[in-house]
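Good morning, and thank you for coming. Please keep the sequence and the structure in view while I speak.

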Amino acid sequence: MANVPGMTENSDKSPASEQELRDRMVKRLIELGAARSPRVVAAFRSVPRHLATPDEDMAKVYEPETATITKTDATGTQVSSVSAPRIQAMQVEQADIQPGMNVLEIGSGGVNAAYLAELVGDGGHVVTLDIDPDITRRAKDFLRVTGYSNVSVITADGEYGVPDHQPYDRIVITVQAADMPPAWLHQLAEGGRLVVPLRMRGMTRTVAFVRDGRHLVSDGVELCGFVPMQGVGENRMRLAVLHDVEGEEIALRLDDHPEPDVEALRAALRSPRAEEWSGVTLAGDESKEHLDLWLASVLDNLPLMTATPAARQRGLVAARTPLGVPTLVDGDSFAYRTVRATEDPDRFELGAAGHGPQGKEVAERLVEEFQVWNGEHRRQRAHIEVHPAGTPDEQLPVGRVIDRWHTRITISWS
Ligand SMILES: C[S@@+](CC[C@H](N)C(=O)[O-])C[C@H]1O[C@@H](n2cnc3c(N)ncnc32)[C@H](O)[C@@H]1O
């Protein structure tokens, strides 16, 4: 691997070398629990990721939570990036890559392929695939400059995998998928692991699956955000815009949700907010990802509501997360998850903010679900399976079934 020198400004104004930046990034990835195993730590300590995006500020490229956007489409949607180091580390850990393995990555950028190449070592092989020739050109350049010769870079639609190099011990998908084309399962070795940012009823989680014959069984679920799939498998969410004024945008992201009455919901948003509180508290650093996925698996009409920073800052919605908040929609009214401080500075209380003629009642329903979750499901984790389309109901685990074109995805809790 080449070592190209580079310097950047430290916070105390002294220059930080690229190795210092990498060490700092790795220290933080360990603190965040994203990089856990010594081999993953070593891989992240050695790949000079800044060389993949030479026009970017080097210090930024080594920030654990920062993705480097490399392409945006005509609608303004980000369609390609080098993923944030934390997300890459999390997925690579989920994949459990061992020396000598044959690994397929769908969605290239070069950097993640270099981490995979470090982990499989000289005796292994990595195939990285992207639909966009600009991206594969850049990935090839990066892998050549950095000296990773055990990686094949291919331009093609990931829908069909890469049959020439199958079977794969591991398949790592680094683009949001709403479905799982049959090629992915067929090209994965029996017992092999497949890691995918899977969108289920509007919520994306990177799920580690293990192949068990004709279906996949989950072995770990993590919160994430990824750019949408292009090509044959493209299935973007639709936006129902409830407010759009001078950079302030509030929208519902519709996946397989019923078509909303947008005019009525716009009027609802302009009406006063009714707040209901659940008595259910969470620790300040406790993630709501399990609660949100559970809610999505029990409530039929629960899209995520997103708001631009300007809309959030002006308090148009009482929610801060850029990934969106679960929002229960019922006709002309809706209610979304919110929180308030408690007397204990380390805990906050879950509540719901309702808008519209039935806003209070919808908020009460959401609050009841928080209480059910707290009483019966809080310590449970999602168990996700992927079965081929056409699998009869009686052969599926009991739980929520999401029907896609190629697959039947099930979510159960235990
Ligand atoms: C988040 S980026 C990949 C990041 C990369 N793995 C890295 O090194 O961090 C997602 C990529 O998926 C690609 N992509 C989208 N749809 C695809 C498809 N159907 N087949 C292959 N690649 C696809 C995009 O062009 C984009 O470059």
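Predicted model: local features only at pLDDT ≥ 70, side-chain atom pairs only at ≥ 80, totals over all residues.

By class, the lining of the second largest cavity has three nonpolar, six polar and one charged residues. For these classes, Ala, Val, Leu, Ile, Met, Phe, Trp, Tyr, Cys and Pro count as nonpolar, Asp, Glu, Lys and Arg as charged, and the others, Gly among them, as polar. A cavity here is a set of points, on a 1 Å grid over the protein atoms alone, where a 1.4 Å probe fits but cannot get out; a pocket is an open set with protein on both sides within 12 Å along at least five of seven lines; and lining residues have an atom within 4 Å of a point.

Residues are numbered from 1 along each chain as its sequence is written, and side-chain values use heavy atoms, with hydrogens and water left out.

Let us stay with the second largest cavity, whose volume is about 60 Å³. A volume is the space filled by probe spheres set on the grid points, which are joined across faces, edges and corners. Which residues line this second largest cavity? They are A52, T53, T70, S80, S81, V82, S108, G109, I135 and R138. Strand 4 gives the most to this lining, with three residues, and helix 6 (133–146) also supplies at least two. Helices (H or I, at least four residues) and strands (E, at least two) are DSSP runs, numbered from the N terminus.

How many cavities of 30 Å³ or more are there? The count comes to four. The largest cavity holds about 330 Å³ of space. Its lining has 29 residues, and G107, S108, D130, T174 and V175 lie nearest the centre. Strand 4 (78–82), strand 5, helix 5 and strand 6 each give two or more residues to the lining of the largest cavity, and strand 4 gives the most, with four. By class, this lining divides into 13 nonpolar, twelve polar and four charged residues.

Ten strands form an open sheet in the order 7-6-5-8-9-10-11-19-21-20, with mixed pairing; two strands pair if DSSP finds at least two bridges between them. Strand 7 (151–155) and strand 20 (400–403) stand at the edges, each with a single partner strand, so one side of each has no neighbour in the sheet. The twist averages 20° from one strand to the next, where axes are lines fitted to C-alpha atoms, for helices over the stretch in contact, and angles run from 0 to 180 degrees between N-to-C directions. Contact means heavy atoms within 4.5 Å.

Strand 6 (residues 125–130) and strand 7 run parallel and are joined by five bridges. D130, already named beside the centre of the largest cavity, stands opposite T155 in strand 7. Helix 5 (residues 111–120) lies across strand 5 (102–106), strand 6, strand 7 and strand 8, at about 165° to strand 6.
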